[in-house]
Amino acid sequence: MVSGTMTWFLVAGLVVALIVVSMAAISIGSVNLPVGSVWNVVGARLTGSASGDPLREQVVWDIRTPRVLVAAVVGAGLSVAGVTLQALVRNPLADPYILGISSGASLGAVLTVAFGATALGGLGVTGAAFLTAVLSVLLVYVLAQRGGRLLDSRLVLAGVAVGYLASAATSYIQLRVSPTELHGLMFWLMGSIAGATWSDVGVPAAVIAVCTAFLLLQGRNMNALMAGDDAAAGLGTSVRALRIALLVVGSLLTATAVSVVGGIGFVGLMVPHATRFLVGGDHRRVLPVAMLLGAVFLVAVDIATRTVDRPNELPVGIFTTALGVPFFLWLLRRRATGGS
Amino acid sequence: MRLDIAGLTAKIDAKPIISDVDLTAEPGQFVGLVGPNGSGKSTLLRTVYRALRPSTGVVSLDGRDLWRMPAKQAARHRAVLTQHGDLGAEFSVGEVVAMGRAPHKGLFDRDDAADRAVIDESLKRVDMLWAADRLFSTLSGGERQRVLVARALAQEAPLLVLDEPTNHLDVRTQLGLLDLIRSLGLTLLAALHDLDHAVAYCDHLVVLQAGRVRAAGAPLEVLTPEFVGEVFGVRAHIGDHPITGRPHIAVASFESPRP
């Protein structure tokens, strides 16, 4: 068992890492800025004084800072969503993207964007994404289970099927509405952080903070659920109520991330696994560490998307998928040979 | 802790699986639940550990209705060893046993020194303290069952419910586990597959067939050769165990040759 003290060291280390990697991400771009001047602008903004260079201030504060914060928030949200879904289906292969929930959320978002808020009864983009995300989870859940147990193969296949269906519908709607708007289509299918603004930061950050706080209080119950429904009932967990809560929270986290940055895959798979490797299985440790590690991870990946093929910028989803698919296959292979 | 089950009927998909079951376990008794596959043993146990709500009837502990308590309170009174002990993620042995503290903790409580003492003591009683930092998934089947017993002990519940605890274990481990649970001083209710285990270890037997209680009483009064033949479809012989001298039941198919 990892001691509580070690977890706190890890959390502190990750906070430092997040600040460092964020500063680096702000200073790197089409115009490289020295880290010192980034500090100056951010410091000036936070204290309310002027830094003296309006152009530099605009680049740092209005363009790059919100983008980096969105990357951090979304990385955190997708990682916590992954942990939530893995507890919900009691299977470590779960991830919002693999289970088709990201695609489901994209469909809801695209419906509202294309046909206006009236299309889904007056829901906003996030609300519609949430609704279709919940429907996707339920569909995957129903398709994947046999006799109350969720098998790896059925879970993955059901997720892929639901995901493809939602992606096809998203593509169709997108192309019907604006045949020339391939960029918009790419956004919902691949995900992109480019173009994030300050208005994309606040609400998602609040949603993810509230959801994570709620999950932390349910940490013991989530642990019990990993021991199986019957064992959890024996340990005093109200299994049905917890399942419903996890379904709602997992969908909400996914929908929030998707409505800001589109479908970014495999973050919710890789980060929880790396986290469990570091701190073990107890959700009271997994949740805070996964949240921070996910934030650090996506900010770092975002740096890569801007530097690998300069001056071009690549969608962040390509990178996470390129990392995530080999990881997923390795995991699948390990589980197939290692029993359980 | 005294367990009373009275007039219990439980349904799955509107189909009654067990009907009008009565059962009593006196404090400290080891009560065995036997019956052919599909007779409703697991279903009956599930109503005791609150995984399945009975449609009629009462499960009570020392006279208090188990299904009217909050889930956590019920879990402070009875613990369970379910049939499928596998976990959905990697947990260390210590973390698995720590799950047993959940019913004693409030929403904002952290695990404190007292909890850790209970966890260590529970592992010590099942001889698994050495494995506290090992991953649960790396243990053998018998070791896993002992750890799950430790989790139940950490729950500090006076009643322990076990669903075929010796499944998939080798002979030595089976007997070791039964010796262990009988030594704990708890009230035990266990579904058992092996009639010889039931005879050797239980104080009281309840025989289920097709969801109903066929007989209940002291093992040797209940498991007469005629009765075993009727319910289980095998020929039975009751005698003294050649090694322990305790009662022993030998079974064979009706087709097998007589000496």
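The model is predicted. Chain B and chain A bury about 2,500 Å² between them, and three salt bridges are counted between the two chains. In chain B, one open sheet has six strands and another has four. Helix 1 of chain B packs on the six-stranded sheet and also on the four-stranded one.

**Contact between chain B and chain A**

- Chain B contributes 35 residues to the contact, and chain A contributes 28 residues.
- Of the roughly 2,500 Å² buried, 53% lies on carbon and sulfur atoms.
- On the chain B side, the most area is lost to chain A by B:Gly88, B:Phe91 and B:Glu95, which together make up 20% of what that side buries.
- One salt bridge joins the side chains of B:Asp111 and A:Arg284, at 3.2 Å from N to O.
- Helix 2 (71-77), strand 6 (78-81) and helix 3 (93-98) of chain B each supply at least two residues to the side that touches chain A.
- Helix 2 of chain B gives the most to that side, with three residues.
- By class, the chain B side has 14 nonpolar, 13 charged and eight polar residues.

**Six-stranded sheet of chain B**

- The strand order is 6-7-8-3-9-10, and the pairing is mixed.
- Strand 6 and strand 10 (212-217) of chain B each have a single partner strand, so one side of each is left without a neighbour in the sheet.
- From one strand to the next, the twist averages 15 degrees.
- Strand 7 (residues 159-163) and strand 8 (residues 187-191) of chain B run parallel and are joined by five bridges.
- Across this pair, B:Leu162 stands opposite B:Ala190 in strand 8.
- Helix 1 (residues 41-48) of chain B touches strand 3 (30-34), strand 6, strand 7, strand 8 and strand 9 (204-209), and its direction makes about 150 degrees with that of strand 7.

**Four-stranded sheet of chain B**

- The strand order is 2-1-4-5, with antiparallel pairing.
- Strand 2 (15-25) and strand 5 (64-65) of chain B are the edge strands, and each pairs on one side only.
- Seven bridges link strand 1 (residues 3-12) of chain B to the antiparallel strand 2.
- B:Leu3 stands opposite B:Ala25 in strand 2 of chain B.
- Helix 1 of chain B touches strand 1, strand 2 and strand 4 (56-61) here, and its direction makes about 115 degrees with that of strand 1.

Note on methods:
Residues are numbered from 1 along each chain as its sequence is written. Chains are lettered from A and ligands numbered from 1 in the order in which they are written. This is a predicted model: local features need pLDDT of at least 70, side-chain atom pairs count only at pLDDT 80 or more; totals for chains, interfaces and linings use all residues. Side-chain values use heavy atoms; hydrogens and water are left out. Contact means heavy atoms within 4.5 Å. Buried area is the accessible area (1.4 Å probe) that two parts lose on being put together, summed over both. A salt bridge is a side-chain nitrogen of Lys or Arg within 4 Å of a carboxyl oxygen of Asp or Glu. Ala, Val, Leu, Ile, Met, Phe, Trp, Tyr, Cys and Pro count as nonpolar, Asp, Glu, Lys and Arg as charged, and the others, Gly among them, as polar. Two strands pair if DSSP finds at least two bridges between them. Axes are lines fitted to C-alpha atoms, for helices over the stretch in contact, and angles run from 0 to 180 degrees between N-to-C directions.
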